[in-house]
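Here is a friendly briefing to read alongside the structure. Please keep the sequence and the 3D view open as you go through the points.

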Amino acid sequence: MKIKQTLFLISVFFCLTVVGYAQGGAVKIIRNAMGEATMLVPPAIVPSSLSRTAAAGMNSLLQSQVAKAATTPPTLNLTYKIVPSGQAKIFLHHSQIDLYLNYALPRAPISQVLGNVRLLQKAVNNENNFFVPLATKYFFNTFHRKGSPEMKDFFKEVGAQNNPALEEQVLNRLETLAQSRQEIGAALNVGPSSLLVKYMGKTPISFQTFNPDDLVLTVERILSSQFKSDFFPDLLASSAVYTPKGKFPTQFYNNVEDMVSLYSFLLNGYGPQKKMFLSTPTPKNFFLFNEDKTSWIRVSDHEYENVAPHVHLEKLVPTQYTVNGKTVNDYVLFNLRIQLSRPRFLNTPGVDESIWRTLLIDKPQRILTANPLVTVE
């Protein structure tokens with residue numbers, strides 16, 4: 001029978017310096033009711049500006065209380081358990097991890113928070129990797145308040161490696177992208193908040209295969225009558241797609257029985273057709289690249305199971321911007337959403353997934369595979 005007993009509330013100590021950020025020089029050893037050392041608690045982390053604020057406010061009781069509230073970390077409630085083997089173990093509930101992260105992330109660089117979270121991880125018997133809630137909360141607060149299923153899965157895969165070097169690379173890259181959003185947004189003439197993050201690298205993820213540059217900022221737009229972009233100078237909502245059945249507008253393309261004509265136009269524009277590369281890593285994923293692989297069509301179950309079926313035209317755009325007087329060269333993923341019209345033979349309001357998958361993936365795949373200009377990868 002498991003016995004649960006809350007030991008006590010534990011204060012997380014902090015250390016202030018007058019130059020930048022700092023961690024405390026020591027950690028506190030926590031002892032259980034039997035006097036055994038069971039826990040190391042990481043020190044808190046606060047910016048030196050709060051240190052100066054606290055010092056300046058010592059002449060005022062109210063100011064000192066405000067400063068103390070800002071710099072004093074929350075208490076963490078540990079749970080002492082006797083596991084079936086009879087061994088005593090210490091656990092930290094996920095809500096308590098959130099409590100510490102909510103305190104630490106606004107006050108210190110993510111790299112320093114990671115160091116403290118590792119100390120906390122080593123001090124308890126939790127089997128789940130604390131990197132996952134750390135990275136997820138940082139991403140949620142910084143980039144995407146609605147969350148991102150793809151990035152959540154990415155963090156879980158990274159966390160499953162239990163590799164501190166890999167975790168540090170991921171968080172350092174996210175921090176770099178966060179610090180660059182303002183400048184990149186200005187360079188692209190888009191709002192910084194519209195720049196999200198996407199992982200475009202190899203899977204499964206490992207320290208050997210991970211490249212930080214595969215985490216990129218991405219901006220999504222919908223092809224509409226107002227759309228105009230230097231990235232796709234010849235592409236407008238009114239652009240005509242020429243097919244054996246005649247020409248059709250690109251916006252709300254309604255000749256969905258011939259998606260190959262749309263795909264070819266989006267990648268190659270008008271004129272003679274060029275080489276393309278086809279990749280279908282799963283039956284539910286379709287990628288068609290242009291000749292130099294700078295642009296591609298992306299279709300997955302999300303696109304054809306949607307109440308408003310669509311496809312994506314994506315392009316990696318080289319971007320140059322300046323940070324602290326230094327010129328930086330990077331890439332941004334431009335994602336253009338192309339809405340499709342429902343064909344007449346689909347006169348029901350529901351989503352027929354099998355038919356849409358046939359139209360958007362299966363049929364184009366058969367036609368493209370037989371095309372000598374298309375290389376199947």
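The chain has ten helices and 15 strands, where helices (H or I, at least four residues) and strands (E, at least two) are DSSP runs numbered from the N terminus. This is a predicted model, in which local features need pLDDT of at least 70 and side-chain atom pairs count only at pLDDT 80 or more, while totals for chains, interfaces and linings use all residues. Residues are numbered from 1 along each chain as its sequence is written, and side-chain values use heavy atoms, with hydrogens and water left out. Of the 377 residues of the chain, 45% count as buried; buried means under 20% relative accessible area, exposed over 50%, and partly exposed in between (1.4 Å probe, protein chains only). Among contacts between residues at least 6 apart in sequence, 58% join residues at least 24 apart, a contact being heavy atoms within 4.5 Å.

**The open sheet**

- Eight strands make up an open sheet with mixed pairing, in the order β6-β7-β14-β13-β12-β11-β10-β15; two strands pair if DSSP finds at least two bridges between them.
- The edges belong to β6 (196–199) and β15 (374–376), each of which has a single partner strand, so one side of each is left without a neighbour in the sheet.
- From one strand to the next, the twist averages 30 degrees.

**Around strand β10**

- Strand β10 (residues 276–282) pairs with strand β11 (residues 285–289) in the antiparallel sense, over four bridges.
- A hairpin of two residues joins β10 to β11.
- With β15, strand β10 pairs in the parallel sense over three bridges.
- Phe277 also stands opposite Thr375 in β15.

**Helices on the sheet**

- Helix α6 (residues 149–161) lies across β6 and β7 (215–222), and runs at about 50 degrees to β6. For such values, axes are lines fitted to C-alpha atoms (for helices over the stretch in contact), and angles run from 0 to 180 degrees between N-to-C directions.
- Helix α10 (residues 353–369) packs on the sheet as well, where it touches β10, β11, β12 (295–299), β13 (310–323) and β15. The direction of α10 makes about 40 degrees with that of β11.

**Where α8 meets α10**

- How do the axes of helix α8 (residues 259–268) and α10 cross? They come within 9 Å and cross at roughly 80 degrees.
- The two helices α8 and α10 are therefore roughly perpendicular to each other. Angles under 35 degrees count as roughly parallel, over 145 as roughly antiparallel, 65 to 115 as roughly perpendicular and the rest as oblique.
- From α8, the residues Met259, Val260 and Tyr263 meet Leu359, Leu360, Pro364, Ile367 and Leu368 of α10.
- The residues of this contact divide into eight nonpolar, no polar and no charged. Here Ala, Val, Leu, Ile, Met, Phe, Trp, Tyr, Cys and Pro count as nonpolar, Asp, Glu, Lys and Arg as charged, and the others, Gly among them, as polar.
- Leaving aside neighbours within four places in sequence, Ser264 is in contact with Gly269, Gln273 and Met276.

**Aromatic pairs**

- Rings of Phe, Tyr and Trp (its six-membered ring) pair if their centres lie within 6.5 Å; planes under 30 degrees apart count as stacked, over 60 as edge-to-face and the rest as tilted. By this rule the count comes to 16 aromatic pairs.
- Tyr100 and Tyr103 form a tilted pair, with 6.3 Å centre to centre and 45 degrees between the planes. Both lie in helix α3 (residues 94–104), three residues apart, about one turn of the helix, and both Tyr100 and Tyr103 are buried.
- Phe289 and Trp296 have ring centres 5.8 Å apart and planes at 40 degrees, so the pair is tilted. Both Phe289 and Trp296 are buried.
- Ring pairs also link Phe131, Phe139, Phe143, Phe154, Phe155, Tyr199 and Phe210 into a cluster.

**Thr79 in strand β4**

- Thr79 lies in strand β4 (residues 75–82), and at 21% relative accessibility Thr79 counts as partly exposed.
- Thr79 and Phe91 are twelve residues apart along the chain, and their C-alpha atoms are separated by 5.3 Å.
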